[in-house]
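Please open the complex in your viewer and keep the selection panel at hand. The stops below are meant to be taken in order.

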Amino acid sequence: MAEERKMAFICSKGNLDMAYPALIMGWAALGEGVDVIIFFTFWGLDLINKKRVDKLQLAPVANTSMKTGMMGFPIDMGIPQIVGVLPGMTAVATALMKKKMEELEVPPVREMLEMLHDAGAKLYACKMTVDMMGLTKDDFLDVVDDIVTAGEFIEMTEGAQIVFI
Amino acid sequence: MSAVLEKVAVNDEGYLLNPDDWTPEIAEAFAKEMGIELTDRHWEIINFVRNYYKEKGQSPTLRQISTGAGVPTKELFKLFPKGPAKKVARIAGVPKPEGCI
């Protein structure tokens, strides 16, 4: 069944909440014996950037799904956008999410990337955005296999199922 | 299929229906089917998984095996290639693990 199956995830977002989908699905895929490639592009490069990986954040502004119920309030109501823009609100939302993930025993992004790498996933940075942002291989975590072009990514994902996040 | 496995009840996916039916011979037979030759290190992990199931009533996930049994992820994937948690669960005669991490 899974012998030949291959999945490729494209991570284009650098928010804490958008970091996890590919990492968790990629981990699940490896657990099913599926080969995994993850391509980090644009803001997604933050996930593999040494200086940024531990500082990913979740912003409550313009996030209509974030309700008070998540924070343990008995009434599940929306958070006014004007509250979301107050200084410190992003830090509060980020801390809340990190706490929830910890309770579920989900490791931090840095550790998840190491797990994926150790389990055989291939991790690549997008050359064009790396150049655009003035980064080099030294800016990235050691688990990153290489910096590749979009064309190379398309070549290596022949026959793979591709998930864009 | 080996003679040992013919006598034991399994579900659609090949996991033992009753974990109490398990014997080391069954583990050997399942492993052989998967092309895995069981070493002492494999047995350490199999025993960990069996004990975990006995204690908690559920099978450990990949991460629970690696942190609980102290086996690095890399080694786990080397010992039981392509989906270690599921393979160990089957060999250890416990149900398929649930949980995402």
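Predicted model: local features only at pLDDT ≥ 70, side-chain atom pairs only at ≥ 80, totals over all residues.

Select chain B and show its cartoon. Its average pLDDT is 92, and 99% of its residues score at least 70. The chain has six helices and zero strands, so that, read from the N terminus, its elements run α-α-α-α-α-α. The radius of gyration of chain B is 12 Å, close to the 13 Å that the globule rule gives for 101 residues, and chain B is therefore as compact as a globular protein of that length.

Next, select B:Glu13, which is placed in the loop between helix H1 (3-6) and helix H2 (24-33) of chain B. Is B:Glu13 buried or exposed? It counts as exposed, because it has 9 C-beta neighbours inside 10 Å, where the cut-off for exposed is 12 or fewer.

Now show both chains and select the residues in contact between them: twelve come from chain A and eleven from chain B. On the side of chain A that touches chain B, the elements giving two or more residues are helix H1 (16-31) and helix H4 (109-118) of chain A, with the largest share, four residues, coming from H1(A). By class, this side of chain A has six nonpolar, three polar and three charged residues.

Finally, select the largest nonpolar core, which has 56 residues. Those with the most contacts inside this core are A:Val36, A:Ile38, A:Phe40, A:Ile48, A:Leu116, B:Val49 and B:Val88, while its largest share, seven residues, comes from H1(A). As background, nonpolar side chains tend to be buried together in soluble globular proteins. Centre the view on A:Ile38 to end: leaving aside residues up to four places away in sequence, A:Ile38 touches A:Phe9, A:Cys11, A:Ala22, A:Gly26, A:Ala121 and A:Leu123.

Note on methods. Residues numbered from 1 in each chain as written. Chains lettered and ligands numbered in written order. Contact = placed C-beta atoms within 7 Å. Nonpolar A, V, L, I, M, F, W, Y, C, P; charged D, E, K, R; others polar. Core = buried A, V, L, I, M, F, W, Y, C linked by C-beta atoms within 7 Å. Buried ≥ 20, exposed ≤ 12 C-beta atoms within 10 Å, placed from the backbone. pLDDT = per-residue confidence, 0-100. Rg over C-alpha atoms; globule rule 2.2 N^0.38 Å.
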